[in-house]
Every structure is written in C-alpha cells, then in structure tokens.
Amino acid sequence: MMKLVIISDSHGKHHKLNLPKGDMLIHAGDVSRSGKPKEVLDFLDWFGQQDFKYKIFIAGNHDFYFEHILEQDLSSIMPKGVIYLNDSGVVIDGINIWGSPIQPWFHNWAFNRNRGPEIKEHWDLIPLDTDLLITHGPPFGILDKTSKDELVGCEDLMSNLENRKVKLHVFGHIHESYGFYQSNRTSYINASLLTQYGKMKNDPVEFSFEISD
C-alpha cells in the first residue's frame, strides 16, 4: 500500500500548506498565479524540499512557463527527485502513471486545446495499462460543475476513460468542485486547494493506493 498526498491549484500559495505525511506527493497543476519564472522557480524549490519518497507534478492553465520551455532548460531547473509529466509517464513501484496538462479551451490560458479531434489526440496517448492518471482538468460530468451549475469537463477525456481500467484519476482546475467520487472501477479526486474566490480552505487529499503484486 502506498500513501498518496494529492494537491492541485495552489496558485503560488504553497508556503501556506501543512502537508500530511505520505509516500508520494502529487500536484495536478496551477502551481503558479501567472506562470512567471520567479513564481515557478519558487514552487520548484519548495516542492523539491518536501519530505516524500516520490514527488510528481504537472502544469496547469496558469503555468505558462512550462508551455514553451525547451527540454534542456527544463532539465536544468528541475530539482533532484522531482518528476514532471507532460503527456508522458513513469512507472513507480509497479504503478503506471501518466500526466497531462491539457484541458479544453478556457479563455486564453496555457495548454488549451479545442474540444474534438485536437484534444482527443492527447488523450489517445494515454497508455491502456495506466493505473494512475493525472490531468489538470476533469472529465465531463465528474467533479466539473462550476458555480453557475455548468459542467465544463472534457467529453473526449471521459469517452477515453470508459475504455480503460484507470484505478485513480487526479485533477483540479474547477475549484468549486473539490472532492471525491467513486465509480465502479475508478476513484476520482478533484484536489483543488483554493476555493472559487482564491481562499485556501481545502485540505490536501490523502489516498491509499494498493500496489498489485
């Protein structure tokens, strides 16, 4: 059993966090307010110092810095022991993990893609044997309701997941839909730390992930 501590949408307020103990720390994007280098580097310094065996994060729609950074520049700023996923995966203790910052077009933020064929190309990259999926945005109809009672998750992502046996799907983006949902085979967590109005009132989510032999 591996204990996960899951957070998202800290928007530069990570220093206010009091994290519970665990084996793996996951951040599902929006580590910064506006994606400026100073904000991102401050987050990376903090994230790298957290006392977890594994530390994984993806970018979000506020994190412009990561959208165009060159791979060699990214490697030079990434703290030791920190794993950054961008339409990519990693296997840890037998857990197949995939992460993507992409979400349906939302104003003029980072990592926007049009719904339909354009965004579907990204979801088609998710390996069939994925156990733990980290995306910034939610799938349609699951923890994606805004304060205006609109469901804004991605239909193409939801359709993609229907054919997969993902055990845990972690995301954020829609602050007011923080919470947990369990389907027949998948646990869903919206781990947004901030409320709709930018107040840090939500707790990091703790989740025990069973590792298959």
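## Strands, cores and pairs in a predicted model

Q: Which residue of β10 is the bridge partner of L133?
A: The bridge partner of L133 in β10 is H169. The model is a predicted one.

Q: How do the side chains of strand β9 point, and are they buried or exposed?
A: In β9 (residues 132–135), L132 and I134 point one way, while L133 and T135 point the other way. In a regular strand, side chains alternate between the two faces of the sheet. All four of these residues, L132, L133, I134 and T135, are buried.

Q: What is the handedness of the unit made by β9, α5 and β10?
A: The β-α-β unit formed by β9, α5 and β10 is right-handed. The term applies because, with the strands pointing away from the viewer, the path from the first strand over the helix to the second runs clockwise.

Q: Which residues have the most contacts inside the largest nonpolar core?
A: They are L19, F57, F66 and Y84, in a core of 39 residues. At least two residues of this core come from each of β1 (2–7), α1 (37–49), α3 (71–77), β4 (82–84), α4 (117–123) and α5 (155–161). α1 gives the largest share, five residues. Apart from this core lies another, of 22 residues, including M2, L85, L168 and V205. In soluble globular proteins, nonpolar side chains tend to be buried together.

Q: Which residues are in contact with F66, leaving aside its neighbours within four places in sequence?
A: The residues in contact with F66 are V31, V40, F57, A59, L74, Y84 and F111. For each, heavy atoms lie within the 4.5 Å cut-off.

Q: How many aromatic pairs does the structure hold?
A: The structure holds 12 aromatic pairs.

Q: Why is the aromatic pair of F47 and F57 called edge-to-face?
A: The ring centres of F47 and F57 are 5.7 Å apart, and the planes stand at 70°. Centres must lie within 6.5 Å and planes over 60 degrees apart for this label, so both conditions hold. F47 is in helix α1 and F57 in strand β3 (residues 54–57), 10 residues apart.

Q: Why do F47 and F57 count as buried?
A: F47 has a relative accessible area of 0%, and F57 likewise has 0%. The limit for buried is under 20%, so the label follows.

Q: Why is the pair of F66 and Y84 called stacked?
A: The centres of the F66 and Y84 rings are 5.0 Å apart and their planes lie at 25°. Planes under 30 degrees apart count as stacked, so the term applies. F66 sits in helix α2 (residues 65–68) and Y84 in strand β4, 18 residues apart. Both F66 and Y84 are buried.

Q: Which residues do ring pairs link into a cluster?
A: The cluster is made of F43, W46, F47, F57, Y65, F66 and Y84.

Q: What makes E206 and K3 a salt bridge?
A: The closest N and O atoms of E206 and K3 are 2.6 Å apart. The limit is 4 Å, so the pair qualifies. E206 lies in strand β13 (residues 205–209) and K3 in strand β1, 203 residues apart. The relative accessible area is 46% for E206 and 27% for K3.

Q: Which residue forms a salt bridge with E155?
A: E155 forms a salt bridge with R115, with the closest N and O atoms 2.6 Å apart. E155 is in helix α5 and R115 in the loop between β8 (112–113) and α4, 40 residues apart. E155 is partly exposed at 39%, and R115 is partly exposed at 39%.

Q: How do you know that D124 and K120 form a salt bridge?
A: Their closest N and O atoms are 2.9 Å apart, and the limit is 4 Å, so the pair counts. D124 is partly exposed, at 43%, as is K120, at 40%. By this rule the count of salt bridges comes to three.

Note on methods: Residues numbered from 1 in each chain as written. Predicted model: local features only at pLDDT ≥ 70, side-chain atom pairs only at ≥ 80, totals over all residues. Heavy atoms only, no water. Core = buried A, V, L, I, M, F, W, Y, C linked by side-chain atoms within 4.5 Å. Buried < 20%, exposed > 50% of the residue type's maximum accessible area, 1.4 Å probe, protein only. Helix = DSSP H or I, 4+ residues; strand = E, 2+ residues; numbered from the N terminus. Pairing = 2+ DSSP bridges. Salt bridge = Lys/Arg side-chain N within 4 Å of Asp/Glu carboxyl O. Phe/Tyr/Trp six-rings, centres within 6.5 Å; stacked < 30°, edge-to-face > 60°.
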